[in-house]
There are 2 protein chains.
Amino acid sequence: MPELAFLNGNIMPIEEARVPVEDRGYQFGDAVYEYVAGYKGRLFALEQHLDRLEHSLRALDFPIVSRDQVRRAVIETFKQSGIERAGVYLQISRGVAPRNHAFPAHSQPQIVVTVRHAHETPPEHLQKGIRVVTVTDIRWGRCDIKTVQLLANVLAKQKALESGVEDAIFISNEGVVREGTASNLFIRCADHLLTHPATPQILAGITRSVLIEICGEQGIQVHQQFFDRNTLLSADEVFLTGTSTEVLPVIAIDGRKIADGQPGPTTLNLRRELEKRANQNDV
Amino acid sequence: MPELAFLNGNIMPIEEARVPVEDRGYQFGDAVYEYVAGYKGRLFALEQHLDRLEHSLRALDFPIVSRDQVRRAVIETFKQSGIERAGVYLQISRGVAPRNHAFPAHSQPQIVVTVRHAHETPPEHLQKGIRVVTVTDIRWGRCDIKTVQLLANVLAKQKALESGVEDAIFISNEGVVREGTASNLFIRCADHLLTHPATPQILAGITRSVLIEICGEQGIQVHQQFFDRNTLLSADEVFLTGTSTEVLPVIAIDGRKIADGQPGPTTLNLRRELEKRANQNDV
């Protein structure tokens, strides 16, 4: 099962895929991306990812990119790889031009797709939950656009690992709990869930939307509202959600146990429901 | 005079220089850079740029990069190009590794240098000054590290051009005036200058330091302190400073004239002093 890349129309081994040093993705982080999960040879929620990609491209005034062309690139590379449980990464940069902050007058967006074996969450993390630390959110003000402006996320994740835990949760200067380094955050307080509203300060995930839908079907109330660190620490359950994160229980934050320090029933129930959908869906 | 690139030891035409799609500079903006000006075949303030580069590399915990190797790469590419008035761009990324937020266990930083004809500020801008707009600062919280997390700068510059002016000035949510999209900002109020202190919210430029030094020699007081938009608009002079900006008068902000709408005497004096140094200095 070869790990492959698609680059502007050609499919090749990932190691051979190279972009010009004056690609604006490289010099300015002027690029957007999506990460799609393949399960049993099918891509989960591909159309929702393409919707969000279009939102990102529009928000940054990119030249027009054909949705069909992107869809074909993703599917073709995924199929050719033959990898059933794949992580499909798609990145589109504004294009290549001599370095200059302003948008180039004419540029051709560069389309890159890579297909690798999925980076799966270790089963013991899914079963037993993970520990996290909180960090100050120093990301830029447009986290709702899925760009490669990710260095703050990188530094937070690294800090978590160096602290001996699995992930970090961003908290704003004013004390608002945002999300994880590559996932959204939900908490349960008694009979309802809380999660940060879809403002420019978070990336409203596809998995987040799917879960809100599932909760709707199951009669679980989800309030999209701001909450602080005290509310987080005193929650009955805490979990992270995302394309590769799926539904991941958080059992300790900054060294303090959440409830009894075990994954909670709502978390486990939602994970099962999400798995069902992932095994039905799509392409 | 060929425009050249250096990539990990080899010098080639810029168009041929390509980096792997899994370069962390491309996927996370996990890269730092410098821009050095060449005047009459000499590089201005190269050692100060290398100092700042080391600060950036350390701040991000990059693997060790040899300063001598970087210096040789910059000088050799500059000399081979034969371009006397050059813009020398240097970018170092953390390295190439399968996509994963955390630092790779082992990675080899990628060193890229490009040498192009300098992007000179149009003479009429230097003589007559430029107009700018103010924009809300949505950049991340570590602007003191010279990274490629530059999309907020790109969007601000583009907004300025689309508003029919030349540049934008960032103002924080709380009303603190920061700097330009690729330059620092000074204002004159009566007999002294004000500029934002070197906090994580600005990139303390080499030209900024050189000018503070020149002011010291000339008995001009420079206060590094916070100021707001009203102070900015009522200043006697406003100017931007930077490696390619040099000392650039600002004559109107958000459609309002600064003083009499002409470049001021301190601005013009400092530009002459800076030019003198640029024509003496270095390699």
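Select strand β4 (residues 31–39) of chain B and then β5(B): 2 bridges join them, and they run antiparallel. Strands here are DSSP E runs of at least two residues, helices are H or I runs of at least four, and both are numbered from the N terminus. Two strands pair if DSSP finds at least two bridges between them. Show B:Tyr39; opposite stands B:Arg42 in β5(B).

This is a predicted model: local features need pLDDT of at least 70, side-chain atom pairs count only at pLDDT 80 or more, and totals for chains, interfaces and linings use all residues. Residues are numbered from 1 along each chain as its sequence is written, chains are lettered from A and ligands numbered from 1 in the order in which they are written, and side-chain values use heavy atoms, without hydrogens and water.

**The sheet in each chain**

Move to chain A. Its open sheet also has 6 strands, in the order β2-β1-β7-β6-β4-β5, paired antiparallel. The edges are β2 (10–13) and β5 (42–43) of chain A; each has pairing on one side only. Strand β4 (residues 31–39) of chain A pairs with β5(A) in the antiparallel sense over 2 bridges. There, A:Tyr39 has A:Arg42 as its bridge partner.

**A salt bridge inside chain A**

Pick A:Arg94 and A:Asp30. They form a salt bridge (side-chain nitrogen of Lys or Arg within 4 Å of a carboxyl oxygen of Asp or Glu), with the closest N and O atoms 2.6 Å apart. The pair links distant parts of the chain, 64 residues apart. A:Arg94 lies in the loop between β6 (86–93) and β7 (110–117) of chain A, and A:Asp30 in the loop between α1 (24–28) and β4 of chain A. Over all chains, the rule counts 48 salt bridges.

**Where the chains meet**

Now show both chains. The contact (heavy atoms within 4.5 Å) takes 50 residues from chain B and 50 residues from chain A. The area buried between them is about 4500 Å², and carbon and sulfur atoms give 64% of it. Buried area is the accessible area (1.4 Å probe) that two parts lose on being put together, summed over both. Highlight B:Tyr26, B:His101 and B:Leu151. In chain B these lose the most area to chain A, together 17% of what that side buries.

Next, select A:Arg116 and B:Glu22. Their side chains meet in a salt bridge (2.6 Å, N to O).

On the side of chain B that touches chain A, α5(B) gives the most, with 8 residues.

Zoom in on β3. Strand β3 (residues 18–20) of chain A and β3(B) pair antiparallel over 3 bridges. A:Val19 stands opposite B:Val19 in β3(B).

**The symmetry**

Finally, superpose the copies by least squares on the C-alpha atoms of residues with pLDDT of at least 70 in both. A rotation of 180° with 0.0 Å of shift along its axis places chain B on chain A (RMSD 0.0 Å). That is the relation of a two-fold axis. The same surface serves both copies: 100% of the contact residues of chain B recur in chain A.
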